[in-house]
Amino acid sequence: MSQAHLELHEHPGEPRRGFITHVLAAGIGLLVGTVPAFAGLAFFLDPIMRKKKSGGGDGFLKMPVTLEALEINGQPQLVKIIMDRVDAWNTYLNQPVGSVYLRRTDKDKVVAFNSSCPHLGCMVDYKAADRIYFCPCHTSAFGEDGTKQNDIPPRGLDTLDVDIRNGTEVWVKFQNFRATTPDKIPVG
Amino acid sequence: MNALINWLDDRTGFKKLLHEALYENIPGGARWRYVWGSTLVFTFSIQVITGLFLWTAYSPSTTTAWESVYYIQNHMQYGWLVRGLHHFSAQAMTVLLALHLMQVVIDGAYKAPREINFWLGLILMQIVLGLGLTGYLLPWDQKGYYATRVSTEIMGATPVVGSQLQQLAQGGPEYGHHTLTRFFAMHAGILPGTLIAFLVLHIAVFRRHGITVPDPDRAPAATFWPDQVLKDAVACLAVLVTVLTLTIWKGAELAAPADPSEAYSAARPEWYFLFLFQFLRFAWVEKLGIPFGAIYVPGALMAILAALPIIGRWRAGHVLNVLFMMVMMLGIAGLTGLALYNDANDPDFQASVKQAHLEAIRVEELAKRPAGIPLEGAVSLLRNDPKTQGPRLFARNCAPCHRYDGHDSTGHDVVKIVQKEEHGPKERLVEKPTATDLGNFGSPEWIKSVITDFKGTFAALENVKDKEGNVAESSKHFLEGEMASWSTSHANHWRSDPKNEQALADLVAFLYSQSKPLGKSGSSDEALKRGRQIFETGKLPVGKFETNCIDCHSLQPVGEDKLLGEVGAGPTLTNYGGERWLREFLSNAGHEKYYGSNNAMPAFGGRLLDQELDLLVRWMVGDYE
């Protein structure tokens, strides 16, 4: 049925008006449709456009263990990281936000590993019997010094900066790093 | 390209579909009167798009709903735009719905063979109204909370199954987390899903019967694309521009967070339900009961609407239908207008709207502090805020006698509503204060006025009358007491010499400094020292007091151990107008340190909770962020 009207519409007398009508109908139709879609999309992109607020200070946190409490080359100590956490509209005070393994390697030297597996972000366990860090998710394994023991993780455990202050205090700069990459890239 | 299109068409047959969709025949040519259905589809699309994006940031629970909406509106990029589009498109949809319905009735598009489609349209209308109603609650602000409470109470008034219906809607006997999860599931899932299903049917049946053309010979026939599409697109553009203008100009409102323990006297339903609100307020409707006004009458109107295709079969049916439509629309418009008119001329309602607006601004101000919003929700920000709670406490406890800058401190007049006969006209009488206006209490102006014009400052006490209509004895004690006479007899001292005027300013500055925690009020140390000397010795640059301040009043200056004067005749002025003085005075003004046996003010120590007293006092002295 429409064929007849199509011909009728494409009357040779007014091709110009017909063309303008086509362009306007398509143009305005497209415009009204895309405005809400683009507004929504711009809104959705909020997380990647948001500037991260710097925490202030040098980023080092005092650990709840002292240097003496750690045995030289002894079993690594798992320590929870307690920080204030901003989650959208809420600010949580003193929340556990992650954990680190602390291991004393010398009289005044402590090594800290972020406990997140660099493979895909699960938390690694320390297996005292085998003296390895082991990830329960995809069986990544790391030696006591953090080096990878199989080909599953892309890199060794992520070391964190440690500072010994006033002779006995252990301070750690807590950071998370992106998983899956061979290089250590801080998150955020 | 062509090969690809043909390949796809072979497998899907999309060309035919597209052709059918685009080249629908329109006898008589494209016309503006056909645009309403398309604008409705368009606004619904806006709602789906913006709604899905809002969904990515909304959190339905009583402690996070307002908070997430606040965060969308104030902290997320273009959140105000997406929410504004959603908010105002919802209202545009209601207007367009009414226009579409009117156009269908006027053009007789409901008549055979299009009855089914008309009924499908009526179902769609109910769904859209349901979307508006459920969406209104989701921000969990005072406005939405109280308006929706009314709706669910009406639901509860349904005969037989009311209570069950209400509990199903609320997710329990009271409002809580599950009220929001249920309303959200309705608003974002069940209702739009149903709407899409009915919309598909509506459009399919519409296409089956074609457009209803009043005069097919008006112009040569056209096709949907591009002639009608252009008109539809222009109409949609007009809708979009209107919605965008409202979003930018007004913005989607977010009232203070819902608080079931605080009255919200600015409560109104969304404007398109105002007619029903106004209808329910008529005395005669009230008398007939809630189910009559809120269920039976709207139900009957819907039933008549549904019967239009049947009525339309009679010869005069169509005229009758158009008439019914017009009367109903005029009635709705009239009731809406009346509701708006009444509210605009109701000073109490206007004051409530203003107060609600200020509270909405205040809670945003508090939420934007670095501490953020506490886990128990933003409502606690207002509950613990002296600036919000102070005026409310004053209005409830102090305003029966006192005023604050002429009103009850929340901006409302103190009124008595008198109704001489049952269902008769209500008269609004502004009550006279029976105690002093405390709008500038404790300020230097206040102190100066107490010293120089004691009787004038406390003149409102004359409004306290005994049974014979004379000024009450308790007020006379006060207004004709020693301080009143002192103030009158010393009035000339201040005027007699410009140096004495300065002395008065010093005395006032000294007393005012006592209300401050550190005794610092911005005056110079010399001025405070001079003021203190006058307080102690009564010596003025020219002349001296006959009776000294410390002959009646005691005062322990800030940071000193020694009491000047003795506790006794007059109220103590230690920390006068400050937190401690106010707390003690409000707790028990009849204590011998204060008014003693002259007191006529109730002791609020036992009436208010400690926390309430604290909020009231901190507000009065301005101790808040």
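Chain A has three helices and ten strands in its secondary structure, where helices (H or I, at least four residues) and strands (E, at least two) are DSSP runs numbered from the N terminus. Along the sequence the pattern is α-α-α-β-β-β-β-β-β-β-β-β-β. The model is predicted: local features need pLDDT of at least 70, side-chain atom pairs count only at pLDDT 80 or more, and totals for chains, interfaces and linings use all residues. Residues are numbered from 1 along each chain as its sequence is written, while chains are lettered from A and ligands numbered from 1 in the order in which they are written.

**Chain A**

Chain A has 188 residues, of which 20% count as buried. A residue is buried if 20 or more other C-beta atoms lie within 10 Å of its own, exposed if 12 or fewer, and partly exposed in between, with C-beta atoms placed from the backbone. Among contacts in chain A with a separation of 6 or more, 44% are between residues 24 or more positions apart; two residues are in contact if their C-beta atoms, placed from the backbone, lie within 7 Å.

Three strands of chain A form an open sheet in the order 5-6-7, with antiparallel pairing. Two strands pair if DSSP finds at least two bridges between them. Strand 5 (125-127) and strand 7 (141-142) of chain A are the edge strands, each pairing on one side only. Strand 6 (residues 132-134) of chain A is joined to strand 7 of chain A by two bridges in the antiparallel sense. Strands of a sheet pair through backbone hydrogen bonds, either parallel or antiparallel.

**Contact between the chains**

The contact takes 29 residues from chain A and 37 residues from chain B. On the side of chain B that touches chain A, two or more residues each come from helix 3 (35-55), helix 4 (65-74), helix 5 (79-106), strand 2 (222-223) and helix 10 (224-249) of chain B. Helix 10 of chain B gives the most, with ten residues. By class, this side of chain B has 27 nonpolar, eight polar and two charged residues. Here Ala, Val, Leu, Ile, Met, Phe, Trp, Tyr, Cys and Pro count as nonpolar, Asp, Glu, Lys and Arg as charged, and the others, Gly among them, as polar.

**Helices of chain B**

Helix 4 of chain B is largely enclosed by the rest of the structure, because eight of its ten residues are buried. The buried residues are B:A65, B:W66, B:E67, B:S68, B:V69, B:Y70, B:Y71 and B:I72. These buried residues of helix 4 pack against helix 3, helix 5, helix 9 (177-209) and helix 15 (347-367) of chain B.

Helix 13 (residues 290-311) and helix 14 (residues 317-344) of chain B have axes that come within 9 Å and cross at roughly 155°. Axes are lines fitted to C-alpha atoms, for helices over the stretch in contact, and angles run from 0 to 180 degrees between N-to-C directions. Helix 13 and helix 14 of chain B are therefore roughly antiparallel, a term for angles over 145 degrees. Their crossing is left-handed, meaning that the near helix is turned anticlockwise from the far one by less than a right angle. B:L301, B:I304, B:L308 and B:I311 in helix 13 meet B:G317, B:L320, B:N321, B:F324 and B:M328 in helix 14. This contact has seven nonpolar, two polar and no charged residues.

Helix 6 (residues 115-137) and helix 9 of chain B pack at an angle of about 160°, with axes 9 Å apart. Helix 6 of chain B is thus roughly antiparallel to helix 9 of chain B. The crossing of helix 6 and helix 9 of chain B is left-handed, and the residues in contact divide into 16 nonpolar, nine polar and no charged.

**Backbone exceptions**

Most residues other than glycine have a negative phi, and most peptide bonds are trans. The table lists exceptions.

| Site | Feature | Value |
|---|---|---|
| B:A112 to B:P113 | cis peptide bond | omega near 5° |
| B:W225 to B:P226 | cis peptide bond | omega near 0° |
| A:N166 | positive phi | phi near 55° |
| B:D405 | positive phi | phi near 50° |

B:P113 is in the loop between helix 5 and helix 6 of chain B, whereas B:P226 lies in helix 10 of chain B. A:N166 is in the loop between strand 9 (162-165) and strand 10 (169-173) of chain A; A:N166 is exposed, with 8 other C-beta atoms within 10 Å. B:D405 lies in the loop between helix 17 (386-398) and strand 3 (415-419) of chain B, and counts as exposed with 11 C-beta neighbours inside 10 Å.

Notes
Angles under 35 degrees count as roughly parallel, over 145 as roughly antiparallel, 65 to 115 as roughly perpendicular and the rest as oblique.
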